[in-house]
Amino acid sequence: MESNEPGRRRFLKQAAALAGVGVGAGAGADWAARGQAAKPEVKDSHLNDEPLRRGVPSRRGVRMSVDHITYYTPLQDYNGIITPANLHFVQQHSSHFPEIDAQTHTLTVHGEVDRPLTFTVDDLKSLPSVSRVHFLQCHANSSPFQHGAGNANMGPSVQYVHGMTSCSEWTGVPLSVLLNECGLKKEASWLVSEGADPGKFTHTVPLGKAMDDVMVAYGQNGEPLRVEQGYPIRLLVPGWEAPFSVKYLSHIKVTDQPFHAWNESMNHSIPRADIGGKSRWYHFQFAPKSIITRPSAGLTPLKKGYVQITGVAWTGAGVVTKVEISTDNGRSWKESKLQTPVHSKAHTRFTYDWNWDGEEAVLMSRATDEKGDFQLSRFDLYKAWGLSDEDAMKPVRGAIHTNAIQPWRVARDGSVHDAMFS
Amino acid sequence: MQCSLKVLVPLMILAAPSVGLAQAPKFNVGTPLSQEAIKSFDYMIGPGGQQLPAGRGTAKEGAPIFAKRCEVCHGQNGERGVLRRLVLGAPGKPRQGPFKAEERDSVAYYPYATIVWDYINRAMPVPKPGTLTHEEVYALTAFLLYRNGIIGENDVMDAQSLPKVEMPNRNGFVPAVPVYPPEPKPSWW
């Protein structure tokens with residue numbers, strides 16, 4: 001009977017998920033939000049489901065709906081630039097994680113190639129490998145209104161607002177190696193990748209990027225990929241929206257035109273006022289961004305005197321060259337220290353020594369990257385998108401690529417608050 | 001051996017461009033597979049619809065399937081569900097853009113009708129994707145296109161007709177044709 005167990009458990013969870021749709025109608029069908037800082041040692045603070053609980057510490061925000069599983073990285077507790085694999089954010093577009101046997105799982109490359117080939121996981125591991133440090137970020141990260149703002153169970157706002165970014169050392173085989181083995185036809189210009197998860201997640205990738213720095217990853221921070229990160233293999237598309245990095249990778253079809261899968265054509269496109277209400281689609285690269293993770297809203301109140309301001313910055317364009325700090329609401333800026341080495345398309349840790357005098361202060365960070373791009377304020381960013389200051393404060397679903405400067409307000413009692421949304 | 005090297009180097013230079021076009025496998029890893037084998041799993045349906053399988057369906061045939069398999073989440077006729085409202089507009093009255101962000105779930109928003117077939121076939125119904133027949137997927141696709149005012153109730157959707165359906169929001173996307181590398185734009189773009 002043991003072999004029936006996972007199936008039965010999955011059935012029970014699905015039944016619960018469907019029941020939750022009815023119950024949670026008013027609350028966006030969320031049926032669980034648990035596990036915040038109060039009692040990090042508590043067991044079973046997450047869902048009572050083994051595949052979900054595997055390797056997942058209790059101290060993290062989890063949101064579940066019938067078609068999504070979301071974990072937020074606790075940025076407030078994160079040091080350096082490597083996110084522990086079990087704290088990596090998750091945005092799973094299905095009701096459960098697939099349990100895949102690495103011995104039988106394969107990756108098939110076909111389409112506009114001379115030699116369609118199927119690779120076992122062992123085949124992939126036998127090819128030249130690379131290890132590189134790269135961030136991943138959900139394109140909807142930092143859009144507080146759609147991610148449980150005001151929900152006390154979701155933890156401090158730096159986690160639930162900005163926690164859909166993480167950074168790992170990824171190990172795998174460059175995709176260019178596999179495409180060369182298959183031999184690209186001259187018509188080849190795009191590809192579409194497909195996962196083996198329940199909804200067979202698909203995403204289009206232009207061939208130029210695929211041949212540049214994309215890898216098929218099987219390792220994360222020195223260990224095999226975690227189940228929730230795509231075990232046994234995933235695509236890793238550095239610097240771009242995380243949905244490009246398809247998990248549980250099973251098929252790559254090389255095509256002669258954009259494939260227009262559901263995700264990039266529909267789900268991840270966004271109507272914008274600055275282009276007359278038409279929708280911006282095929283977003284690729286992330287603009288520079290930085291977040292002060294400590295101090296930040298809801299953490300331990302500050303005491304007068306020395307305070308280290310720290311956080312992470314990243315950009316899809318390459319390396320972060322500068323992170324400036326303001327402690328006076330953006331009137332003056334001073335450069336922070338960057339932890340070295342600084343990796344390309346990776347989280348970059350910054351620190352700044354500050355002496356708090358006990359007066360009210362507003363803390364901000366502003367990243368600049370190797371292309372000279374830098375972060376805008378929320379109002380300037382929304383203005384660029386054709387929206388007013390009022391619009392910028394409205395609970396609009398679907399704000400994406402939000403890389404606005406995040407201000408934290410320090411009150412006289414040392415408590416820290418979100419200066420934009422509280 | 002000096003002589004042969006002198007001959008070899010120009011030959012290598014001449015050979016270089018053709019190496020770039022038709023790459024030879026370097027590692028001989030991986031198992032070749034036949035076109036028949038590919039057909040058995042390749043249900044990735046692009047805008048041209050070339051990979052669409054045999055089968056057919058109409059909105060009329062799709063209605064009872066929708067009620068049985070889809071209504072629990074998407075509501076009656078796809079209009080009032082707890083998840084993703086699939087229908088805006090009405091039969092004969094397609095909803096025109098611009099759309100709001102929260103209206104993107106409607107099939108009226110999709111740029112290509114083939115995406116509807118592809119997505120139902122691969123990902124629906126949650127939590128048991130892969131349990132619909134190709135005929136049922138055609139019928140459900142027809143049903144959603146009909147309820148959104150895009151086709152008629154008795155229009156047959158199959159591998160030939162589906163890619164030809166003109167979607168009202170086809171030109172609602174920027175850039176009109178996705179290009180890589182993208183045009184130089186400010187980073188917020």
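Two strands are taken to pair if DSSP finds at least two bridges between them. The model described here is predicted, and the pairings below are to be read with that in mind.

**Strand β9 of chain A and its partners**

Strand β9(A), residues 190-195, is joined by five bridges to strand β10(A), residues 202-206, and the two run antiparallel. Within this pairing, Trp190(A) has Pro206(A) of β10(A) as its bridge partner. The hairpin that β9(A) and β10(A) form has six residues between the strands, and in it Lys200(A) adopts a positive phi near 40°. β9(A) is also joined, by six bridges and again in antiparallel fashion, to strand β14(A), residues 249-255, where Ile252(A) is the bridge partner of Ser193(A).

| Strand | Partner | Bridges | Direction |
|---|---|---|---|
| β9(A), residues 190-195 | β10(A), residues 202-206 | five bridges | antiparallel |
| β9(A), residues 190-195 | β14(A), residues 249-255 | six bridges | antiparallel |
| β16(A), residues 279-280 | β4(B) | two bridges | parallel |

Is β9(A) enclosed or open? Six of its six residues are buried, so β9(A) is largely enclosed by the rest of the structure. Both of its faces are covered, with Trp190(A), Val192(A) and Glu194(A) buried on one side and Leu191(A), Ser193(A) and Gly195(A) buried on the other.

**Domains of chain A**

The domain assignment divides chain A into domain 1, which comprises 106-141 and 162-276, and domain 2, which comprises 289-418. The centres of these two domains, taken over C-alpha atoms, are separated by 30 Å. Contact between them involves 14 residues of domain 1 and 15 residues of domain 2. On the domain 1 side, the largest share comes from strand β7(A), residues 130-137, which supplies three residues, and by class that side has eight nonpolar, four polar and two charged residues.

Chain B has six helices and four strands, arranged along the sequence in the pattern α-β-α-β-α-α-α-α-β-β. Of its 189 residues, 35% count as buried. Among the contacts in chain B with a separation of 6 or more, 63% are accounted for by residues 24 or more positions apart.

The contact between the chains takes 48 residues from chain B and 62 residues from chain A. On the chain B side, the elements that give two or more residues are β1 (31-32), α4 (71-74), α5 (113-123) and β4 (173-174). Of these, α5(B) gives the most, with five residues, and the side of chain B that touches chain A divides into 34 nonpolar, seven polar and seven charged residues.

What surrounds the buried residues of α5(B)? They pack against α7(A), residues 262-267, together with α6(B), residues 134-147. With 11 of its 11 residues buried, α5(B) is therefore largely enclosed by the rest of the structure; among the buried residues are Trp117(B), Asp118(B), Tyr119(B) and Arg122(B).

Conventions
Residues numbered from 1 in each chain as written. Chains lettered and ligands numbered in written order. Predicted model: local features only at pLDDT ≥ 70, side-chain atom pairs only at ≥ 80, totals over all residues. Contact = placed C-beta atoms within 7 Å. Nonpolar A, V, L, I, M, F, W, Y, C, P; charged D, E, K, R; others polar. Domains from an automatic or database assignment. Buried ≥ 20, exposed ≤ 12 C-beta atoms within 10 Å, placed from the backbone.
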